[in-house]
Amino acid sequence: AAGIADAGDRAAAAATRAVVAAEGVCARLDREPLALVRAGTVAVRDLGRLARDLDLADEELALLVDLLVEAGVLAVGGPFGQRSLGLRPEADAWLSASRSRRWADLVAAWRTADLALEDHLVAPPRPSSRQSAADRARPLAGRRLAAASARRRGLLQALGTPTRVDALAAVLAWRQPMVWPSPQGAGGGELEATVRAVLEGAAFLGVAVLDLGRAEAGLAAVELVAGVAAAGLAEVAGPALPDGSDRFLVAGDLTVVAPGGLAPAVQTRLAGRETAGSGTWRIDEGSLRRAFDEGRSADEVLDFLRSHSSTPLPQALQYLVADAARRHGRLRVGGAATYLRGDPALVAG
């Protein structure tokens, strides 16, 4: 098959989307860990809500959550009966690393994990099937499969030359008959579905590129097959995954705008991204409270914003920082024996 003309750009775009979404997952779970249901998995409703906030499909988010767990960024904690998925202490160092290194850690986990991560990407059952959407694989509940890493490596090797997707299943089954479902098995289309799921997982991370029924290797795929460590993968991917600038613009509505992205150290301080990949962050009382909880003063917050802002800070932002700092850590207790309830105009009078 002919090669994909803009394969490099497509791979870089997919890799950027995946790692930015991972950053968004960490920012959200840092503020609000995901509660686990009795079965020990993430609740389907919570997963869907987070996926919508991050502009991801549910299946993509499920794959990403499992990768973050495998990479040692997320973990389950909390007392029995109140278990939740949140950030590990090591997540701070991961979030402070370069964007290419964050991506490299994710794809290195994808390469070596014996977890059948692609279960999340298998096409849903037909409506006539008794299996409901709630029965499908969810984060933290995937199958452990010895052949999982061999399948991914074999797929990337097969994509060393541009390939037709409809011919890929037969090639892989012939090359690795012991690790792929048998084409003659009772599952019928199980081989094609499995190959497609592994391929879509690779394309989500940018290590493969899909276009109009064609597929080829993507970002750092050769090094990934060769077993290069995460540090080497990050070095190869660095030019395609720049960290972004340390400068931003603060708008009058207290949003921080950086269309080209921000350097990790600056981005981590801002935390409150509006939507994944948007290049926009929101400064509000909640984000300021988190900064004060970490021990920073109002002057330190303003100095940080001034040092990285390309425009003067809006006066409303300075007032908000001062008010939030004045109220932070204070609690007033008193008695109340009277209340007003009724027409808003009368109550105001």
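The model is predicted: local features need pLDDT of at least 70, side-chain atom pairs count only at pLDDT 80 or more, and totals for chains, interfaces and linings use all residues. Residues are numbered from 1 along each chain as its sequence is written, and side-chain values use heavy atoms, with hydrogens and water left out. Helices (H or I, at least four residues) and strands (E, at least two) are DSSP runs, numbered from the N terminus.

Two packed helices are described by the angle between their axes and the distance between the axes. Axes here are lines fitted to C-alpha atoms, for helices over the stretch in contact, and angles run from 0 to 180 degrees between N-to-C directions. Helix 5 (residues 99–112) packs with helix 3 (residues 58–70) at an angle of about 90°, and the two axes are 9 Å apart. The pair is therefore roughly perpendicular; angles of 65 to 115 degrees have this name, while those under 35 count as roughly parallel, those over 145 as roughly antiparallel and the rest as oblique. Helix 3 makes the contact (heavy atoms within 4.5 Å) through Leu 64, Leu 67, Leu 68 and Glu 70, and helix 5 through Leu 106, Ala 109 and Trp 110. Of these residues, six are nonpolar, none is polar and one is charged. Nonpolar covers Ala, Val, Leu, Ile, Met, Phe, Trp, Tyr, Cys and Pro; charged covers Asp, Glu, Lys and Arg; the others, Gly among them, are polar.

Helix 1 (residues 7–31) also packs with helix 5 at an angle of about 90°, with the axes 10 Å apart. In this contact, Ala 15, Val 19, Val 20, Ala 22 and Glu 23 of helix 1 meet Arg 99, Arg 102, Trp 103 and Leu 106 of helix 5. The division is six nonpolar, no polar and three charged.

Helix 10 (residues 230–237) has Ala 230, Leu 233, Ala 234 and Ala 237 buried. Buried means under 20% relative accessible area, exposed over 50% and partly exposed in between, with a 1.4 Å probe and protein chains only. These four residues lie on the same side of helix 10, because they cover an arc of only 100° around the axis, the arc being that of the directions from the helix axis to the C-beta atoms. The buried residues pack against helix 5 and helix 9 (221–225).

The strands come next. Two strands pair if DSSP finds at least two bridges between them. Strand 5 and strand 6 run antiparallel and are joined by four bridges, with Ala 208 the bridge partner of Ala 217 in strand 6. Strand 6 also pairs with strand 4 (residues 163–164) in the antiparallel sense, over two bridges; here Arg 164 stands opposite Arg 214.

The hairpin of strand 5 and strand 6 has two residues between the strands, and Leu 212 takes a positive phi near 50° there. Leu 212 is exposed, with a relative accessible area of 72%. Ala 220, in the loop between strand 6 and helix 9, has a positive phi near 55°. Ala 220 counts as buried, at 7% relative accessibility.

Another three strands form an open antiparallel sheet in the order 7-8-9. Strand 7 (249–250) and strand 9 (280–282) are its edges, each pairing on one side only. Two bridges link strand 7 with strand 8 (residues 255–257), and Leu 249 has Val 257 as its bridge partner in strand 8.
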